[in-house]
Amino acid sequence: MLNLMRWLVFSIAVLAMNFPVIVTMITSFKSARELSFNPGFWIGEPTLENYTRVLGETDRFNIYGYLFNSTVASLIGTGVAIALAFPAAYAIARSEAGKRTLLPLIINLRAVPLIIFAIPLYMMYQWLGLLDTQLGLGLILTIVNTPLALVILVNAISDVPSELDEAAKMDGASSWQVMLMIIRPVVRPALVTTFIFGFITAWNEFLFGLMLTTSRAVPMTVGASFFFAASGGGVQWGTASAVMVLGALPPALLGLLMYRQISASLTGAVKG
Amino acid sequence: MAIVNRAEGRAYLTPLVGFLLFFLGFPAAVNLVYSISTVSFETLRSPSLSGFGNYAAVLADREFWGAVSFSMRFGVLTAVAECLIGLFLAVFLTPLLAKRSYLMAPLMLPLMVAPAMIGLMYRLVLHEFAGPVPYYLFEWFGDSPAFLDVENAFRTLLVVEILQWTPFAFLLFYMAYAAIPLEVREAASLDGASALKALWWIELPLMLPTLVIAFFIRFIDGFRVFDNVYALTGSGAGGSTTSLSIYIYQAFFKGGAIGKAVAASVVLFLASLAVLYGLNWITGRGRR
């Protein structure tokens with residue numbers, strides 16, 4: 001009986017939390033005609049026409065551009081964050097440097113509303129010519145990703161026994177070599193987690209995409225909102241839904257593949 | 001033998017520190033200068049210092065205080081609700097989830113979807129002609145509230161935020177709950193404590209640090225909310241859904257009031273520092 005209650009609560013929670021995603025998926029398989037008389041959950045004649053239109057009519061829908069921009073910016077934002085955070089994490093885990101001030105400072109960065117940096121960044125980007133570029137967006141996403149990357153990597157490297165480093169140093173390796181050739185392979189799972197988590201975070205970022213891009217480098221989250229500002233005949237709900245499903249799919253798939261690691265690192269990050 | 005000596009340690013930290021100084025330190029300095037300057041889009045490179053007029057203007061702006069009030073209420077209410085529901089789900093569902101970890105995936109899915117995307121999706125869900133929610137409400141009850149008008153928008157946004165982020169609180173509590181050693185539970189039940197008593201007197205106190213942290217993380221995220229609110233209402237409904245982040249964004253882009261936007265940014269920055277200081281103080285005490 002109690003178990004039945006648990007299943008019931010679980011099902012309600014899953015349905016309620018995923019409700020907008022479910023509705024959007026259903027809508028994306030409805031024809032424009034059916035949508036106009038049937039906004040409900042059941043689909044009379046499921047169709048792929050919304051997807052073929054969105055993916056086929058490239059002169060009208062810039063979906064490949066948005067997906068490409070999101071991919072490039074997220075890869076930059078994640079790659080640079082890891083490249084910067086990994087050596088820093090090694091130093092923090094294996095020496096006293098940065099432990100007392102730098103680490104807490106960067107962790108706290110996660111809690112600072114990033115809008116406060118957005119305005120000067122906009123001006124800075126204007127001067128540097130980085131406005132509306134994938135590189136510019138990617139570099140800002142690096143900042144968004146750095147706190148969690150650092151925490152995950154510091155925790156992971158601290159868990160590696162330092163005897164490993166010492167043995168390698170006895171054999172004449174420099175600390176740089178130890179970091180790259182001994183530690184890096186050992187903490188590979190943490191690096192992969194950091195990458196996936198950072199990629200999802202970067203992909204889902206909206207504010208900087210909205211502020212720092214206008215046409216060439218518009219990411220998926222911002223591009224999807226363009227479908228709602230449709231001029232004239234109102235929102236085409238079928239195609240808009242297909243766009244949202246396509247835009248939400250990459251991070252969702254990555255997340256579902258990695259949910260175990262992600263939940264572990266989320267909790268690890270909180271403890272750190 | 002230190003594995004990484006001081007000089008090496010500094011060298012390893014330098015790229016990260018340099019990057020952050022450039023991309024955050026410089027903007028922070030610009031913020032401070034602009035906040036005490038008269039500046040427009042034309043005079044971006046030559047702001048003239050003018051004292052604290054921008055701060056005075058911001059602090060006298062009723063919309064600013066409206067935004068502060070929105071962000072405070074939104075942050076507190078969503079954080080409380082997310083923590084309560086998340087805690088309930090974690091405790092109640094653990095027997096179900098412990099042996100079937102694959103059930104965690106659908107619970108975590110909302111965390112993977114962009115908040116901006118969720119905001120857009122709710123435009124569809126709540127749309128009076130195309131959305132299933134008004135459709136079924138009309139069908140079953142003959143009436144449906146206007147979810148995004150002045151009266152209801154705030155409540156609607158609360159529900160949207162809570163539904164997306166309760167999984168985050170749930171996840172933290174689930175892990176904290178699972179981390180309580182088995183012996184603690186056995187000892188409690190040997191002493192004759194009921195499950196509820198054990199929860200209240202033993203398990204909850206053990207989870208308290210996680211509760212505090214989860215509350216603060218969710219409060220801060222709710223307080224600075226931008227994406228889903230902007231995507232869903234665009235601060236519409238008569239300005240009743242303008243969060244502090246949206247206020248700053250609009251002052252800058254729509255109003256061209258750069259000085260005001262920047263001054264509000266500095267105020268927000270100081271406020272978030274105060275919150276962080278408070279959090280560190282509380283969790284620091286918890287650990288001791």
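This is a short chat about a predicted model with chains A and B.

Visitor: What kind of model is it, and what counts in it?
Guide: It is a predicted model, where local features need pLDDT of at least 70, side-chain atom pairs count only at pLDDT 80 or more, and totals for chains, interfaces and linings use all residues. Residues are numbered from 1 along each chain as its sequence is written, chains are lettered from A and ligands numbered from 1 in the order in which they are written, and side-chain values use heavy atoms, with hydrogens and water left out.

Visitor: How many residues are in contact between chain A and chain B?
Guide: 96 residues of chain A are in contact with 94 residues of chain B; contact means heavy atoms within 4.5 Å.

Visitor: And what area is buried there?
Guide: About 8,900 Å², with carbon and sulfur atoms giving 80%. Buried area is the accessible area (1.4 Å probe) that two parts lose on being put together, summed over both.

Visitor: How many salt bridges across that interface?
Guide: The rule finds zero; it asks for a side-chain nitrogen of Lys or Arg within 4 Å of a carboxyl oxygen of Asp or Glu.

Visitor: New topic. How many cavities are there?
Guide: Two of 30 Å³ or more. On a 1 Å grid over the protein atoms alone, a cavity is a set of points where a 1.4 Å probe fits but cannot get out, and lining residues have an atom within 4 Å of a point. Points are joined across faces, edges and corners, and a volume is the space filled by probe spheres set on them.

Visitor: What is the volume of the largest cavity, and which helix gives the most to its lining?
Guide: The volume is about 50 Å³, and H5(A) gives the most, with four residues. Helices are DSSP runs (H or I, at least four residues), numbered from the N terminus. The lining includes Asn69(A), Trp203(A) and Glu205(A).

Visitor: What classes are in that lining?
Guide: Six nonpolar, five polar and one charged. Ala, Val, Leu, Ile, Met, Phe, Trp, Tyr, Cys and Pro count as nonpolar, Asp, Glu, Lys and Arg as charged, and the others, Gly among them, as polar.

Visitor: What lines the second largest cavity?
Guide: Leu24(B) is one of the lining residues, and Phe117(A) and Phe208(A) are also among them. By class, that lining has seven nonpolar, no polar and no charged residues.

Visitor: Where does UniProt put "transmembrane region" in chain A?
Guide: The unreviewed entry lists spans including 7-29 and 63-90; annotations may be inferred rather than shown by experiment. In the model, residues 63-90 of chain A are 100% helix, with end C-alpha atoms 40 Å apart.

Note on methods. On a 1 Å grid over the protein atoms alone, a cavity is a set of points where a 1.4 Å probe fits but cannot get out, and a pocket is an open set with protein on both sides within 12 Å along at least five of seven lines; lining residues have an atom within 4 Å of a point. Helices (H or I, at least four residues) and strands (E, at least two) are DSSP runs, numbered from the N terminus.
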